[in-house]
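User: Please go through the model and work out its salt bridges, helix packing and backbone details with me.

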Amino acid sequence: MDLTTTYMGLRLKHPVVASASPLSDTLQGMKRLEDGGVAAIVMFSLFEEQIRHENEAFSHLMESGTASFAESLSYFPESDAYDVGPERYLELVRRAKEDLEIPVIASLNCVTSEGWIQYAQQLQEAGASGLELNIYGVHADLSVSGAEIEQQYVDILKAVKSAVRIPVALKLSAFFSSMGHFAKRLDAAGADALVMFNRFFQPDIDIQELEVQPTLPLSSAGEIRAPLLWIALLRGHVEASLGATRGVEGPAEVIKYLLAGADAVMSTSALLRNGPAYAATLVSGLEEWMQARGFEEVGQMRGVMSHSNVGNPRAFERANYLRVLESFKGQYDDG
Ligand SMILES: Cc1cc2nc3c(=O)[nH]c(=O)nc-3n(C[C@H](O)[C@H](O)[C@H](O)COP(=O)(O)O)c2cc1C
């Protein structure tokens, strides 16, 4: 059976990839992921805070008025979530390149265009197989329009693309008003992959202590719906690879994402919950399903249920929503 897939130009032995998480914050952790059976690793993000903490020159850049994303900085978690500065991060990439056989994709979250370019180049030099841009921003400045935010994404992508030779993926938030149009713009700007969707830090409120609670709960399978919909809608309409992230609990979600049209399916919560070896369970579950259905290659099943390929494309659209609403009618009447 042929499980190979091509994701952002990288040949992978199968589509199951570890998405950015603390599981990759040491070389030992990355080896565990490789031994556990993932086909590639997206490393945890190198965050601006760490760069700022370690690099005086860079903080000067931040203060010199070039910061296009400065406003988002105040929304980063203050803690040293990943206690890894740029030097240690680069060293990790170098050692992973030497010691691991699977591709290692570095993840970057910067603030200034100089930062994106400088660190993208350094990560390339360190041996990263690719780059994932994690443009994390809670755009809480009420004067900034959606069009401006989209333009910032495009500018960052173009700047990084022109500075490196390795493939560049963009990890997207689900919060764009015209996702399809925006995805096409990113595709035209040269994105090698679109990763859907990031799971933003959304704090809760403790109603006893009246405190904002910064928690990041692990995901559940119900969360695949938004990325599944957009992967199904975009399949066949963009050159960029489609990376699925969010809500993989077991093999069923991997299968659904591939049927929708994903080139790679990523997991963090399931690997944190069950350990890195769970990657092999995801892969064997996929294999068993393919065997039962008579698929010999992942390529044969990919996108079979995409919007373009499905017998009834309206199943993904508004009309079907109305049908679902119809089915609720009368169910909750008192008498
Ligand atoms: C503890 C934790 C740390 C994470 N760190 C990062 C990160 O550094 N960079 C990033 O882009 N995403 C990060 N993520 C998001 C994951 O990569 C992933 O996109 C998200 O959890 C959705 O996938 P899942 O449902 O399989 O968990 C993190 C998620 C968790 C739970």
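Analyst: Helices (H or I, at least four residues) and strands (E, at least two) are DSSP runs, numbered from the N terminus. This is a predicted model, in which local features need pLDDT of at least 70 and side-chain atom pairs count only at pLDDT 80 or more, while totals for chains, interfaces and linings use all residues. Residues are numbered from 1 along each chain as its sequence is written, and side-chain values use heavy atoms, with hydrogens and water left out.

User: In which strand is the place of Phe47, and does Phe47 count as buried or exposed?

Analyst: Buried means under 20% relative accessible area, exposed over 50%, and partly exposed in between (1.4 Å probe, protein chains only). The C-alpha atom of Phe47 is separated by 8.9 Å from that of Val111, which is 64 residues away along the chain. Phe47 belongs to strand S4 (residues 40-47). Its relative accessibility is 16%, so Phe47 counts as buried.

User: How do helices H7 and H8 pack, parallel or antiparallel?

Analyst: Axes are lines fitted to C-alpha atoms, for helices over the stretch in contact, and angles run from 0 to 180 degrees between N-to-C directions. Helix H7 (residues 146-163) and helix H8 (residues 179-188) have axes 10 Å apart and an angle of about 20°. That makes the two helices, H7 and H8, roughly parallel, since angles under 35 degrees count as roughly parallel, over 145 as roughly antiparallel, 65 to 115 as roughly perpendicular and the rest as oblique.

User: How many residues apart in helix H5 are Glu91 and Arg94?

Analyst: Glu91 and Arg94 form a salt bridge, with their closest N and O atoms 2.8 Å apart. Glu91 is partly exposed at 36% relative accessibility, and Arg94 is partly exposed at 34%. Both lie in helix H5 (residues 86-99), where about one helical turn separates them, the spacing being three residues.

User: Which residue forms a salt bridge with Arg199?

Analyst: Arg199 is partly exposed, with a relative accessibility of 26%. Its partner is in the loop between S10 and helix H9 (225-234), while Arg199 is in the loop between S8 and S9, so the pair ties together parts that are 24 residues apart in sequence. The closest N and O atoms are 2.7 Å apart, and the partner is Glu223.

User: What is the phi of Arg246, and is Arg246 buried or exposed?

Analyst: Arg246 sits in the loop between strand S11 (241-245) and helix H10 (251-260). Although Arg246 is not a glycine, its phi is positive, at about 125°. With a relative accessible area of 16%, Arg246 is buried.

Methods. Salt bridge = Lys/Arg side-chain N within 4 Å of Asp/Glu carboxyl O.
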